[in-house]
Amino acid sequence: MRIMLVLVLMVAAFAARAATLDEAIAAWLADDDAKALPALSALAQAGDDDAMLALGVIEPRAWEGPYVLGLDRAQRIALLRRPGGLSGESWLAGVTARRPLAEAFLEARQKGDPWPLMALGQADAARSALAMAFNQNPSSLAESDRQMEIPDALRALVWRGAALRLWRTAYPTPPSPDVERRLRGVIAQAFAPEWSGSLQQMLFFSADPDLGVGIPVPEAASLAGRVLRQGRLLAEGNTRFRSASEPARDRALATARTLLTTAPEAAAVRQFCTASCEQALDSCVETLWSLTGGADAQAYLHTPLDALIPQDRYVGSPRHRSDMIRIVQKRFKTAPPNIDTCASKLVFGG
């Protein structure tokens, strides 16, 4: 076993002997794990603090990649983790120069706490933890003093959390008068002119109309929001969606498809489809958005580390496209029936 670990590290060092950290990150963004991961591992082994940080945050994503899956267990551990215990330990544990940042990532990973990352300017890398915080306690985002720092692509979670906090079915104990005023102020943001007709506003409207907090949500907007939030494939199985009239369902699907043609949140999906499916662009975008799981799943497609990989560099990269495909292929072993042919080929081949 020890010989195997030494051999893996020698191969990694050989493959990465001329690679800088920038080159390793560029290879990762190019979806070239065979080049990127050995390079990062060699740099981390050599004591590069930023390489330790990068490999530590990338590691959870790397285990299911085809390159890593082609290795045996000992090789995977030697490649992705620093020595320690039976299965090694995260390289985040070895970071020194950026120790507060490494600890913030560990807090987010182990406890689902996004706020240490947010405090260190890692708002995009914190997206998964923000979504987890919403799932654990929907009002936590809306009640935070830092809620205005949450990325615009997750703004609907803040508004929905505020509405849910005022819903007696979800929270039998009412908030204090001061907290209620603040929560209603958060909800009012959803109706501000700059958010009118936006994807985030539609996602907020996807909340059940019986929340009972005085939110005027037209049925068409609520149905369209549900399509955008879950994707068409899941939304069509929803009881409330199925119980709506056929014209209402058709309007909701048309509204969602139209919004996806311009919404900033769907820009990377449009870019992906434009490259291969330009003749059926709108259908491809709607299908790929749906296959990934809608806005709920898109929240988890983000840079692992703002400090080294800005969100706008990750989005639209080959890595981002591969991450989308992997999400789809985890949800569906084969292409669902009655979906756009070109989008199906992008994801499932054939």
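Modeller: In this predicted model, tryptophan 28 is buried, and tyrosine 314 is buried as well.

Biologist: How is a pair of aromatic rings described?

Modeller: A pair of aromatic rings is described by two quantities, the distance of the centres and the angle of the planes. The whole structure holds six aromatic pairs. In one of them, the ring centres of tryptophan 28 and tyrosine 314 lie 6.4 Å apart with the planes at 25°, so this pair is stacked.

Biologist: Which helices hold tryptophan 28 and tyrosine 314?

Modeller: Tryptophan 28 belongs to helix 2 (residues 21–29) and tyrosine 314 to helix 21 (residues 311–314); the pair thus links distant parts of the chain, 286 residues apart.

Biologist: What is the geometry of the pair formed by phenylalanine 204 and phenylalanine 205?

Modeller: That pair is tilted, with 6.0 Å from centre to centre and 40° between the planes. Phenylalanine 204 has a relative accessible area of 1% and is therefore buried; phenylalanine 205, at 7%, is buried too. Both belong to a cluster that ring pairs build from Trp159, Phe191, Trp195, Phe204 and Phe205.

Biologist: Which residues are in contact with arginine 160, leaving aside its neighbours within four places in sequence?

Modeller: The contacts of arginine 160 are Phe134, Leu203, Phe204 and Arg229. Arginine 160 itself is located in helix 11 (residues 155–165).

Biologist: Which side chain of opposite charge is nearest to arginine 160, and how far away is it?

Modeller: The nearest is aspartate 296, at 4.5 Å. Arginine 160 is buried yet has no salt bridge, for which the cut-off is 4 Å.

Notes: Residues numbered from 1 in each chain as written. Predicted model: local features only at pLDDT ≥ 70, side-chain atom pairs only at ≥ 80, totals over all residues. Heavy atoms only, no water. Helix = DSSP H or I, 4+ residues; strand = E, 2+ residues; numbered from the N terminus. Buried < 20%, exposed > 50% of the residue type's maximum accessible area, 1.4 Å probe, protein only. Lys, Arg positive; Asp, Glu negative; His and termini not counted. Contact = heavy atoms within 4.5 Å. Phe/Tyr/Trp six-rings, centres within 6.5 Å; stacked < 30°, edge-to-face > 60°.
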